[in-house]
Number of protein chains: 2
Amino acid sequence: MTVLVFLDPGHDDGRVADASQPQLMATDLGATRGDGVFESMLAVDGTPRKEQAHLARLASSAAALDLAVPGADAWGRAVRTALREFAAAEPDRTSAVVKLVATRGVEGAGRATAWVQVAPVPAATLAQRAAGLRVLLLERGYDSTVAQRAPWLLMGAKTLSYAVNMAAIRHAKAAGADDVIFTSSDGKVLEGPTSTVLLARERDGRKTLVTPQLESGILAGTSQAALFAAAKGQGWELGYGPLEPHHLFEADAVWLISSIRLLAPVLSLDGQELRTSAALTAELTDLVDRFV
Amino acid sequence: MTVLVFLDPGHDDGRVADASQPQLMATDLGATRGDGVFESMLAVDGTPRKEQAHLARLASSAAALDLAVPGADAWGRAVRTALREFAAAEPDRTSAVVKLVATRGVEGAGRATAWVQVAPVPAATLAQRAAGLRVLLLERGYDSTVAQRAPWLLMGAKTLSYAVNMAAIRHAKAAGADDVIFTSSDGKVLEGPTSTVLLARERDGRKTLVTPQLESGILAGTSQAALFAAAKGQGWELGYGPLEPHHLFEADAVWLISSIRLLAPVLSLDGQELRTSAALTAELTDLVDRFV
């Protein structure tokens, strides 16, 4: 089942709402303009992973949209209420997706609509994590420097305007693939529609974990950041792009990492097989399980 | 007041819903992913303007998103129900905004959520039409050829993912302007966030009306198309870009045209005054009133 808890000034711990009934106004700018922000975090045994990182990114996204959203404390209380309700309803589930959503609210009202949604992790997500991903490279249309000169493009903000991300994934599925890695118009590797790109290189016993540079207008990955910190503690070297597709083809392994699916190996790119490494995937998955 | 009518297989003429109450599921992909399409049309004296053009563009947008939406007949019946309800509630209003929205529906349900919303024309919109617009040129980040090679970018589809359009208008307002004209990364004039660009040239008694070329990835303007047809009948020559900003500075008049605000003169661009023409604005406004 799905649990909904609205952040509501009249309810300190959030207002529990019936997810089987309509709860949003049809005039909410989240629904009519995709004008809002969100986060998805994994909860394990009733505790959200990386909660502070997600709340910090939500605040940063909201600032990019000039959107006043509730503070971290209010979100945290609503999350705890929602997880408690979910545990009562689904006592056998050890994990859950916790979604935080804040929209610009009903047109003219001038107040954000904000809610927490808790639901089971989709089986298809778990299956992709285990099986790995066939990925298409698709152009995102932007060059890798535009984010810095055009803040109104909201690059690096996690907004509700995800139609292009969803269309890219549909395009990949129609072509027999599972997911997408976006490239910039100047040929740089960016990110997945809902994930961060990682690659590993092993040379002379030295292991390096690399991700595209944030300045290329991608979303700062909370899972990538947590994994990088953990990998550094285990002696990995860390690298930040710029990356081009040939770096993916030359790597010893490539993954997409995100908060719910976690670390998923990329098996092929545009139909061409990539190197994979069961050992590296196992090593990093262990770090993900412990630290991400 | 606002009238809502949901398209519903169980209600031939649409299901009237209370717009003062929540009517959308919080799990609707329109609200959580901006995954859907919309149209806004003007109704005058209870009759929608350019209804067929809007329904055709809605169908084209839905096709770009691979989204199955109700057919034109069902939309038409729901629009008539909504306008009848609106007329009963607001008998003194001669015009109204009729919004058609279709989302991908509740996650997993596999059925679009579709509704018609009728509301008064905002006073601020009418004020802008009369007063004219101070406009900023802002980069849209895409080059003018990307739409043709990257259909997953949904250029030319009117989706619910309008966060960037809204951010651009906020950026303009923060800079003391009213609206935006987007440019491509290769320097072409594209469109406004919610409007189409028009310019006029008068040379030796010959009048030419020009708009950016559709192939640059812009939305096909229903108002621009109707006005072009009407102007041609009055002896205007018609032109289609590519346009660059210098063409706007050199024109005898520039307007933004859209379905609700209709024809609004552009007074300045990036703070530099443009030529305006009360005579041309009056002539084209007369055509808009009769034919658009």
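This is a predicted model: local features need pLDDT of at least 70, side-chain atom pairs count only at pLDDT 80 or more; totals for chains, interfaces and linings use all residues.
Trainee: Where is the place of B:Pro242?
Mentor: Residues are numbered from 1 along each chain as its sequence is written, and chains are lettered from A and ligands numbered from 1 in the order in which they are written. Helices (H or I, at least four residues) and strands (E, at least two) are DSSP runs, numbered from the N terminus. On that basis, B:Pro242 falls in the loop between strand S11 (237–240) and helix H8 (245–250) of chain B.

Trainee: What is the omega of the peptide bond that joins B:Gly241 and B:Pro242?
Mentor: Most residues other than glycine have a negative phi, and most peptide bonds are trans. Chain A has a cis bond from A:Gly241 to A:Pro242, with omega near 5°, and A:Pro242 sits in the loop between S11 and H8 of chain A. The bond joining B:Gly241 and B:Pro242 is cis too, with omega of about 5°.

Trainee: And what is the phi of A:Asp66?
Mentor: Look in the loop between helix H2 (51–64) and H3 of chain A, which is where A:Asp66 sits. Although A:Asp66 is not a glycine, its phi is positive, at about 55°.

Trainee: How many salt bridges are there between chain A and chain B?
Mentor: A pair counts when a side-chain nitrogen of Lys or Arg is within 4 Å of a carboxyl oxygen of Asp or Glu. Over all chains the structure holds 30. One pair to look at is A:Asp35 with B:Arg170, whose side chains meet at 3.8 Å, N to O. For chain A against chain B, the count is four.

Trainee: How many residues apart are A:Asp178 and A:Arg134?
Mentor: Their side chains form a salt bridge at 2.9 Å, N to O. The pair ties together distant parts of the chain, with A:Asp178 in the loop between helix H6 (163–174) and strand S8 (179–183) and A:Arg134 in strand S7 (residues 133–139) of chain A.

Trainee: Which three residues of chain A supply 18% of the area it buries against chain B?
Mentor: Contact here means heavy atoms within 4.5 Å, and 48 residues of chain A touch 48 of chain B that way. Buried area is the accessible area (1.4 Å probe) that two parts lose on being put together, summed over both. For these chains that gives about 4200 Å², 59% of it on carbon and sulfur atoms. The three that supply more than any other three are A:Arg33, A:Trp152 and A:Arg170.

Trainee: Which element gives the largest share of the lining of the second largest pocket?
Mentor: On a 1 Å grid over the protein atoms alone, a pocket is an open set of points with protein on both sides within 12 Å along at least five of seven lines, a cavity is a set where a 1.4 Å probe fits but cannot get out, and lining residues have an atom within 4 Å of a point. Points are joined across faces, edges and corners, and volume is the space filled by probe spheres set on them, here about 540 Å³. Among its 25 lining residues, A:Leu7, A:Arg111, A:Ala112, A:Thr113 and A:Ala114 are closest to the centre. Five lining residues, the largest share, come from S2(A).

Trainee: What volume does the largest cavity have?
Mentor: The structure holds one cavity of 30 Å³ or more. B:Met41, B:Leu42, B:Arg49, B:Lys50, B:Ser259, B:Leu262 and B:Val292 line the largest cavity. Its volume is about 30 Å³.

Key
Side-chain values use heavy atoms; hydrogens and water are left out.
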